[in-house]
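Visitor: I'd like to go through this one with you and ask how you know what you say. Could you show me the structure before we start?

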Number of protein chains: 2
Amino acid sequence: MARREATKAEILDAAWDIVRAEGLAALSLRDLAKRVGMQAPSLYQYYDSKNAIYDAMFAEGNRQLLARYTKLRETDDPIRDLRVGARLFVEFCAEDAARYQLLFQRTIPGFEPSPESYAVALEVFDLGRGRLARAGFAEKRAMDLWTAMVAGLSAQQIANDPGGTRWLRLVDEVVDMFVQHMTRNRRRP
Amino acid sequence: MARREATKAEILDAAWDIVRAEGLAALSLRDLAKRVGMQAPSLYQYYDSKNAIYDAMFAEGNRQLLARYTKLRETDDPIRDLRVGARLFVEFCAEDAARYQLLFQRTIPGFEPSPESYAVALEVFDLGRGRLARAGFAEKRAMDLWTAMVAGLSAQQIANDPGGTRWLRLVDEVVDMFVQHMTRNRRRP
DNA sequence: GTCTATATTTGGATAGAC
DNA sequence: GTCTATCCAAATATAGAC
């Protein structure tokens, strides 16, 4: 039935509302049920446990990110694509701190994503790696450097200027710095 | 009495043991009391609340970091000092994920550091800013770029290679990349 | 200063009626 | 499929005896 899927989606939406307002760790089944007009035990008709809800949120967040990435069409300027992609990522992180915490930090004791959900996260990662390789940076070291810089911009933006653009507007500069550095040091021991 | 201070320190040590083993959010007064051989209510003789314990841990963590920084004596090569300082920071973060979470992320609902504890964190920040200025990078933009890169290396090291050196060993390269970039783009609009 | 006892709240999860 | 009732566990915090 589509009805069931609609209810599951409604529950997830309410869960996002709660974690955005109260913090990721503050999610409780009672609050969640109240918000969708149910009693708490009824939630178990839709999700097997609280962690199953976190897991569905994890997968959904990664699918959102994947959707934005795939919507970006590649141009004939892969460096420009890198800038756009990096900006997309930092914006995605900055617009929802709770989601960022769920997707990229491991702060909920006892929760870890299921293999199926984690597969979506891997897809995102591989897509990013592909874009980077297409720009000429296929080595593992390049990808490690790249992820560190994008992660750092995101972390600082969220932690020290939520809602602002203080680190977001450094994205282009960082990408250029990276590209120049990697180009200059190409193929050296 | 020094006895009281010794007991407070013992409690803090036990709290660090717990969060390192179980996660920052998994700290409970019952477990903590058991570990120091008390009943839970007795802890209130030493700390007013659970958040007061988090607060003391926050201050202690920052004092540890500050101590390591001040132990680094400045040389006549400020760029080299930057490398050493950045490595120190990433190592400090990587060696204790729970401490990193407490000091640099805001994941405990309802906890925020007291002004006194936060003052220590500011001291750390100012010290880093001073080192960076001494190397010739005094602009706010430079500091923002710098913190993003160091934070990114730390975050990736903790999240994706705990106990390893995969991002730690990129520190020197990142510092050089930063220095070359900032030097090249110096004094431009 | 430490304890026992307990208040109070909150939470995840299950049983079983309807 | 939703509810009520409840279980069970865990948690912070307080009161008051010793």
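**How do you know?**

Guide: From one end of its sequence to the other, chain A reads α-α-α-α-α-α-α-α. Keep in mind that this is a predicted model.

Visitor: How do you know how many helices and how many strands chain A has?

Guide: Chain A comes out with eight helices and zero strands. Its C-alpha trace spans about 60 × 35 × 30 Å along the principal axes.

Visitor: How do you know that the copies meet through the same surface?

Guide: Of the interface residues of chain B, 100% are also interface residues in chain A, so the same surface is used by both copies. The contact takes 29 residues from chain B and 29 residues from chain A.

Visitor: Why is the pair A:R141 and B:E173 called a salt bridge?

Guide: The cut-off is 4 Å between a side-chain nitrogen of Lys or Arg and a carboxyl oxygen of Asp or Glu. The side chains of A:R141 and B:E173 meet at 2.8 Å, N to O, so the pair is within 4 Å and gets the name. Across the interface of chain B and chain A, the rule finds four salt bridges. There are also 13 residue pairs in polar contact between the two chains.

Visitor: Which helices of chain B supply the side that touches chain A?

Guide: Both α7 (140-160) and α8 (171-184) of chain B supply at least two residues each. The largest share, eleven residues, comes from α7(B). Sorted by type, that side of chain B has 14 nonpolar, eight polar and seven charged residues.

Visitor: Now the DNA. What makes you say that B:Y46 has a polar contact with DNA strand C?

Guide: A polar contact needs a pair of N or O atoms within 3.5 Å. A polar side-chain atom of B:Y46 lies 2.4 Å from a phosphate oxygen of DNA strand C, so the pair passes.

Visitor: How many residues surround DNA strand C, and which are the closest?

Guide: There are 15 of them, and A:L29, A:K50, B:S42, B:Q45 and B:Y46 are the closest. That surface divides into seven nonpolar, six polar and two charged residues. Among the atoms of DNA strand C within 4 Å of the protein, 65% belong to sugar or phosphate, and the rest to bases.

Visitor: And DNA strand D: how do you know which contacts its phosphates make?

Guide: From a phosphate oxygen of DNA strand D, a polar side-chain atom of A:Y46 lies 2.4 Å away, one of A:S42 lies 2.8 Å away, and a backbone N or O atom of A:Q39 lies 3.0 Å away. Each distance is within 3.5 Å, so these count as polar contacts. Of the 15 residues around DNA strand D, A:S42, A:Q45, A:Y46, B:L29 and B:R30 come nearest. As for its atoms within 4 Å of the protein, 62% belong to sugar or phosphate and the rest to bases.

Methods:
Residues are numbered from 1 along each chain as its sequence is written. Chains are lettered from A and ligands numbered from 1 in the order in which they are written. This is a predicted model: local features need pLDDT of at least 70, side-chain atom pairs count only at pLDDT 80 or more; totals for chains, interfaces and linings use all residues. Side-chain values use heavy atoms; hydrogens and water are left out. A residue is near a molecule or strand if one of its heavy atoms lies within 4 Å of it. A polar contact is a pair of N or O atoms within 3.5 Å; within protein, one must be able to donate a hydrogen and the other to accept it, and residues adjacent in sequence count only if both atoms are side-chain atoms. Ala, Val, Leu, Ile, Met, Phe, Trp, Tyr, Cys and Pro count as nonpolar, Asp, Glu, Lys and Arg as charged, and the others, Gly among them, as polar. Contact means heavy atoms within 4.5 Å. Helices (H or I, at least four residues) and strands (E, at least two) are DSSP runs, numbered from the N terminus.
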